[in-house]
Amino acid sequence: MGNDSDQLGRNLMDHHYRVGAMGFIDGFEDKYYNGRRPNGIYIPRFRNLDEATKREDYLRGFGYQGGAGRAGFDQSAYTDGYGAEYKEQLMKPGPWSMSLVGFGEMLPDSSNRVYLNHDKKDPYGMPTVTFDCEFKDNELAMRKDMKTSAAEMLEAAGFRDVREYDDLGAPGLGIHEMGTARMGHDPKTSVLNKWNQVHGAENVFVTDGAAMTSSACQNPSLTYMALTARAAHYALDQVTKKNL
Amino acid sequence: MERREAMKNMALAMGYTLSASTLASLLTSCGEQVTLDWQPKNFSKEQALNVETLCDAIIPKTDTPGAKELGVPQFLDSFIGEVMTEADRAAYLKELDTFMQLCVDSQGKQLYACDEAEKKAFLDEQNAQNKMKYPGIWGADMVKADMRNFFGKFKDTLVWVFFTTKVAGEELLPYDPVPGGYDACFTITPDTKSWSLG
């Protein structure tokens, strides 16, 4: 019941990230800061928004998060040498650097799924959970652009020694899990209706990230909260009206 | 970042997590003023002598204490015993042995037995072979770990341990664990030190 669509557990998604570029910038050697800056920078999505920004190599897009700062003793990893001079250098404010990291949309794919594995039982005889999920071609193609565009921006802004990085990892590292009970009008192709109720089991509301039909590229928590507030409001309204 | 946090991050960077009790015993073991004659628990005598020599060469005593004075070799001895798994410890010690042998091959003797010129010749050679590691963000690695040589990896660990000792972290560098407000830009002098907790 509630899974006539066979979509429950399918289209598991996360954001793909850990890709971008960093660079150093000269100047401001006599400037420093104190305290904990509570935020960084954000560059909203700029690909595949219209004809002018259309890409042939992948669908959808990504945003950048990042920040700049002056290294402390953690400059050790890229400071050459050892000895007294090295030690003194580590105790001085290090070079300014800036890092950009892309957060990209992962497309839904029905083969990316989570399911109960009845063939593999835990010590109590209960089925275990299998996560069968990987980044696909669209994500991998997007990452090339995420990497080179970040480097281009830093270079255009005057950074030196710009370095690209791409450290794919696996879905789950982004801790923005989404999908597995997608929302839709048609019970044949979706699990939840527009009020986050399970099709065919309307007294069950699912209000986390499971409703998402794709992952977009924004941090999803505020969207989950908005969807949850909306679903809760609806549920209360329906209970009051004795429809639930 | 608190010292405790910094130490945890150092451990995380090496791929380990620290339990509260392990952390407590490690915190006790480091930062004490020590003499040359200590009993290693996990290093062999020869390994310990080389580790101590390496610590002293990378962060020597200047007008401020060096890594040896602040008990970094003893900390590393505890760290590999109490934090690393047996398999990882074996792998680490094997890497250390390989590194020690490189010095024997190059200078004809163990690092700790080298005079200043021999030490410099060997460490300069090791330093030149090391790949720099640049800061990524949020856990992304810019350089694969195996592209750094033992000298480079040892340097990373040593620096983290040294600057998170009580003396280096609170006295050698300006220590302001609860800064309150955020001052985005002020002018510094050539004597200004970097923050202990960046």
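Before selecting anything, a word on terms: two strands pair if DSSP finds at least two bridges between them. Helices (H or I, at least four residues) and strands (E, at least two) are DSSP runs, numbered from the N terminus.

What's loaded is a predicted model, where local features need pLDDT of at least 70, side-chain atom pairs count only at pLDDT 80 or more, and totals for chains, interfaces and linings use all residues. Residues are numbered from 1 along each chain as its sequence is written, with chains lettered from A and ligands numbered from 1 in the order in which they are written.

Start with S5(A), residues 96–104 of chain A. Here 8 of the 9 residues are buried (20 or more other C-beta atoms within 10 Å of their own, with C-beta atoms placed from the backbone), so S5(A) is largely enclosed by the rest of the structure.

S4(A) and S5(A) run antiparallel, joined by 9 bridges. Pick A:Gly66 and you'll find A:Leu100 as its bridge partner; A:Gly67 stands opposite A:Ser99.

Next, select S1(A), residues 19–25, which pairs with S5(A) in the antiparallel sense over 6 bridges. Look for A:Phe24 opposite A:Ser97.

Last stop, chain B. It has 8 helices and 1 strand, in the order α-α-α-α-α-α-α-α-β along the sequence. Of its 198 residues, 33% count as buried.

Note on methods:
A residue is buried if 20 or more other C-beta atoms lie within 10 Å of its own, exposed if 12 or fewer, and partly exposed in between; C-beta atoms are placed from the backbone.
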